[in-house]
Amino acid sequence: MIPKIILGRGARATRRLIGYLYGPGGANEHTDPHLVASWNGFAPDPGRSPHRTPKQVEDQLASQLDQPVKMLGDKAPTTTVWHCPVRAAPEDPILTDAQWADIAHRIVAAAGIAPEGDEEACRWVAVRHADDHIHIAATLVRQDGRRPRRDHDIRAVQREARKIEADLGLRRLNAGDGTAAKRPTSKEHFKAKRQGQDTTTREILRQRVRRAVAAASNEAEFFGLLEATGVNVRPKTGPSGDVLGYSVALPGDLNKDGEPVWFSGSTLAGDLSLPKIRHRLTTTSPEPVTARPADPWHQATAATERIPHHLTHSSDHIAQGQLVALGGALDLLPLTAPAAARTELERAAALFERATRSRITADLESTRVLRRSVQTILRTPAATGDGAGLAMLLDAVLIAVAFARHWHRTHQHAQQEAAAEQALVHLQTAYAHVAVPVLDDLAHRTPGIQTKHRYARHVQQAVPEHADRILQDRAWDALATVLADAEAAGHNPANLLDQALGQRTLDDARNPARALTWRIHRLGQRHTPGPRAQAAMARSTTLPTAPTHLTAVTPVTMQQQPHTRRR
């Protein structure tokens with residue numbers, strides 16, 4: 001059950017609201033409008049007055065609601081109308097008028113509009129014009145001339161809605177923390193429906209702005225990317241000429257006066273205001289690259305594999321920053337994906353967006369590598385390759401999102417936890433679309449039986465606790481292929497297995513065989529060890545006292561030892 005508070009002002013604010021509630025609606029969606037409850041139990045009902053015209057009764061109802069406001073004259077507040085639509089979930093049963101009346105009484109009491117037993121409280125009515133919701137309209141002057149005490153009324157009605165859900169057996173929504181993006185209004189939904197769109201303008205703009213933030217390296221590039229994606233941009237400048245904010249609109253999206261419908265960044269989402277975007281772009285701007293550029297898919301995957309470690313061992317601020325970076329990566333991944341997976345990735349990104357915000361301030365200093373590598377992938381069409389890079393990255397993303405869900409659970413972020421849970425479903429579907437063809441192609445090139453037996457012994461020695469599961473998995477043939485490819489390039493398969501296991505334990509891997517396949521694929525494409533290093537590795541493998549899974553530590557492994565088996 002979702003209550004939403006809207007405030008109104010102006011001399012005719014009450015009359016306009018009553019006219020809307022008893023009118024046909026923007027798309028003729030209002031049916032049988034009538035009162036289900038009121039402040040005194042017998043307020044005039046324009047929907048149930050057959051001997052008078054509806055307009056006459058609407059005027060009378062608005063006049064009675066406004067009476068305490070008019071009594072104050074010039075001392076009346078500027079904001080005079082409190083409007084609260086209360087909507088049930090689509091899967092909830094259709095409630096009776098009596099049940100909606102009880103809900104209305106509970107909501108106005110919780111909000112401080114009409115505390116229970118207070119005969120001098122504000123005047124209010126609850127109008128029902130659809131099966132699934134009511135509208136509560138109240139005026140913000142009590143009948144004794146005082147103002148209502150409605151401190152934190154938004155939080156109060158949300159808490160009461162959670163209690164109502166439990167009492168009536170309705171769908172239980174998760175408690176929020178005030179950081180969610182603003183939902184599209186009913187008018188925006190009806191407008192999208194009239195235009196034959198599945199998504200509202202607000203949601204389209206939010207997605208495009210988020211993608212531009214994720215893809216941009218600086219502010220000028222951010223605005224340029226918005227315009228390149230068909231978004232009209234209107235900067236907000238101060239007296240000095242400095243840009244203080246911005247608004248965006250879609251071409252052709254007009255109001256009743258034929259003017260563009262503009263949305264400021266902060267109304268799309270709290271983290272899309274220009275100051276927040278500037279902070280993010282400045283903090284995560286790319287550092288100069290001096291070394292030979294690495295494969296961006298490998299860099300992105302390695303950075304994503306470090307997210308679970310940050311979520312379990314770093315400060316909350318760093319962990320929150322990692323979630324912001326992960327959300328940015330998800331925003332851009334649909335642009336690199338095949339058509340079969342693109343829709344699922346877009347849904348996952350839209351859902352996970354809620355999991356990127358909380359009351360914890362994000363530290364973005366440690367997110368540069370992931371941000372830069374995904375941007376490089378996007379700007380280098382040739383980097384998309386045969387799908388192996390995307391499959392490898394998505395495998396790491398799935399684990400990171402699962403850890404994000406757990407992190408939010410431990411911090412009691414109910415909405416964010418639910419968002420991560422829902423995103424996982426779509427990510428798993430997208431991963432299957434991407435990974436299965438790549439794994440099948442690798443499996444078709446699997447090496448001979450003797451080579452596979454040799455690799456099987458390496459697996460049994462390196463990771464005995466997962467060996468049976470790996471060797472019986474459908475992905476075993478693909479794993480054997482990447483081991484053979486790496487060996488043909490001059491790598492030692494046993495050493496590669498040790499390095500792959502040293503990067504991260506397989507204990508939390510959904511599919512150890514696939515996880516190892518992507519790790520070996522990435523390690524096997526690194527430069528081949530030189531003759532001296534190979535000789536050292538060969539000598540180390542002959543030491544009789546050393547267990548096989550600890551032999552031949554290469555320079556790369558030495559660098560990774562302090563971080564082995566990250567969680």
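A residue is taken as buried when its relative accessible area is under 20%, and helices are DSSP runs of at least four residues, numbered from the N terminus. By these criteria, helix α1, which spans residues 13-22, is mostly covered in this predicted model, since seven of its 10 residues are buried. The buried positions of α1 are Ala13, Thr14, Arg15, Leu17, Ile18, Leu21 and Tyr22, and the elements that cover them include the strands β2 (6-9), β3 (34-38), β4 (79-87), β5 (122-128) and β6 (133-142), together with helix α2 (54-72). Tyrosine 20 takes part in a contact of another kind, in that the charged end of lysine 187 sits over its ring, 5.7 Å from the ring centre.

At the level of the whole chain, 23 helices and nine strands are assigned, and buried residues account for 49% of the 567 residues. When contacts between residues at least 6 apart in sequence are considered, 73% of them join residues at least 24 apart. The chain exposes about 27400 Å², of which 52% is supplied by carbon and sulfur atoms.

The largest nonpolar core comprises 79 residues, and within this core Phe352, Leu427 and Ile470 touch the most other members. Helix α15 provides the largest share of the core, contributing 14 residues. For phenylalanine 352, the contacts beyond neighbours within four places in sequence are made with Leu323, Leu326, Gly327, Leu330, Val401, Ala404, Ala420 and Ala423. Another core, lying apart from the largest one, has 43 residues, including Ala13, Ala111, Ala114 and Ala137; Ala13 is also one of the buried residues of α1.

Helix α15, which covers residues 388-410, also contains arginine 405. The C-alpha atoms of arginine 405 and alanine 419 are 8.1 Å apart in space, with a separation of 14 residues in sequence.

Three aromatic pairs are present in the structure. In one of them, phenylalanine 222 and phenylalanine 223 are arranged in a tilted geometry, with a centre-to-centre distance of 5.0 Å and an angle of 55° between the planes; both of these phenylalanines are buried. Phenylalanine 222 also pairs with tyrosine 246, here in an edge-to-face arrangement with 5.7 Å between the centres and 85° between the planes. Because phenylalanine 222 belongs to helix α7 (residues 219-228) and tyrosine 246 to strand β8 (residues 243-249), this pair ties together parts that are 24 residues apart in sequence. Tyrosine 246, like phenylalanine 222, is buried, and the ring pairs link Phe222, Phe223 and Tyr246 into a cluster.

Strand β8, to which tyrosine 246 belongs, has five of its seven residues buried and is therefore largely enclosed by the rest of the structure. Six bridges join β8 to strand β7 (residues 232-237), the two strands running antiparallel, and in this pairing lysine 236 stands opposite glycine 245 of β8. The hairpin formed by β7 and β8 has five residues between the strands, and glycine 241 in this hairpin takes a positive phi near 95°. Strand β8 is also joined by two bridges to strand β9 (residues 263-264), again in an antiparallel arrangement, with serine 264 in β9 as the bridge partner of serine 247.

Definitions and conventions. Residues are numbered from 1 along each chain as its sequence is written. This is a predicted model: local features need pLDDT of at least 70, side-chain atom pairs count only at pLDDT 80 or more; totals for chains, interfaces and linings use all residues. Side-chain values use heavy atoms; hydrogens and water are left out. Rings of Phe, Tyr and Trp (its six-membered ring) pair if their centres lie within 6.5 Å; planes under 30 degrees apart count as stacked, over 60 as edge-to-face and the rest as tilted. Buried means under 20% relative accessible area, exposed over 50%, partly exposed in between (1.4 Å probe, protein chains only). A charge sits over a ring if NZ of Lys or CZ of Arg is within 6 Å of the ring centre and within 35 degrees of the ring normal. Contact means heavy atoms within 4.5 Å. A nonpolar core is a set of buried Ala, Val, Leu, Ile, Met, Phe, Trp, Tyr and Cys residues joined through side-chain atoms within 4.5 Å. Accessible areas come from the Shrake-Rupley method with a 1.4 Å probe; for residues, only the protein chains shown count as cover. Two strands pair if DSSP finds at least two bridges between them.
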